[in-house]
Amino acid sequence: VTGARGQRVVLFDGPGKPKQAFGKPGSGDSEFASPTGIGVDGKGNIYVADTGNNRVQKFASDGTFIAKWGTAGTGPGQFDSPQGLAVDKSGHVFVVDQKNARVQVFSGEGKFLYQWGTPGTGNGQFDSPTGTAVDKRGNVYVADTGNNRIQKFVTK
């Protein structure tokens, strides 16, 4: 769970009792500016879309900082308001880059792999995408908010 006001991640146990929190406001390691998306890989690592800092941060399951990637911009590996984030069973990290109207895909170590999407209303185009999810078959779903739809993509 991420919180824009608290600028932290809170982990809950099965019944919903908070068991751990990490992060604070700022731009350093383990610091957030409006975190909005979160995903967990098969090893329990936690990935957070740190929207206000235009980056992704990776943490161990206990909240220990591991890595970060991304800067503000429009090139591969750069973001303009990363929002939704999901991780597939292979460990690929899918990040919705809202203002750049695209989805960027990274390895679990933060290496840029590929991207898709352009601004617009057609298939594969986005207007203010905000969320994403990956199903067990590897299909990626993107909440294309400005176009009032969900788009489904089959990945490599």
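1. In strand E13, Phe94 is the bridge partner of Ala86. The model is a predicted one.

2. E12 and E13 make a hairpin, with five residues between the two strands. Gly91 lies in that turn and has a positive phi of about 90°.

3. On its other pairing, E13 runs antiparallel to strand E14 (residues 102–106), over five bridges. Within this pair, Arg102 of E14 stands opposite Asp97. E13 and E14 also form a hairpin, here with four residues between them. The turn contains Ala101, whose phi is positive, about 50°.

4. Is E13 buried or exposed? Five of its five residues (93–97) are buried, so the strand is largely enclosed by the rest of the structure. Buried here means under 20% relative accessible area.

5. Which way do the residues of E13 point? Val93, Val95 and Asp97 point one way, while Phe94 and Val96 point the other way, and all are buried. In a regular strand, side chains alternate between the two faces of the sheet.

6. The largest pocket has a volume of about 170 Å³. Its lining includes Asp41, Lys43, Tyr47, Lys58, Lys89, Ser107 and Glu109. Gly91, described above for the turn between E12 and E13, is also one of the lining residues.

7. What is the make-up of the lining of the largest pocket in nonpolar, polar and charged residues? One is nonpolar, six are polar and five are charged.

Technical notes: Residues are numbered from 1 along each chain as its sequence is written. This is a predicted model: local features need pLDDT of at least 70, side-chain atom pairs count only at pLDDT 80 or more; totals for chains, interfaces and linings use all residues. Side-chain values use heavy atoms; hydrogens and water are left out. On a 1 Å grid over the protein atoms alone, a cavity is a set of points where a 1.4 Å probe fits but cannot get out, and a pocket is an open set with protein on both sides within 12 Å along at least five of seven lines; lining residues have an atom within 4 Å of a point. Grid points are joined across faces, edges and corners, and a volume is the space filled by probe spheres set on the points. Ala, Val, Leu, Ile, Met, Phe, Trp, Tyr, Cys and Pro count as nonpolar, Asp, Glu, Lys and Arg as charged, and the others, Gly among them, as polar. Buried means under 20% relative accessible area, exposed over 50%, partly exposed in between (1.4 Å probe, protein chains only). Two strands pair if DSSP finds at least two bridges between them.
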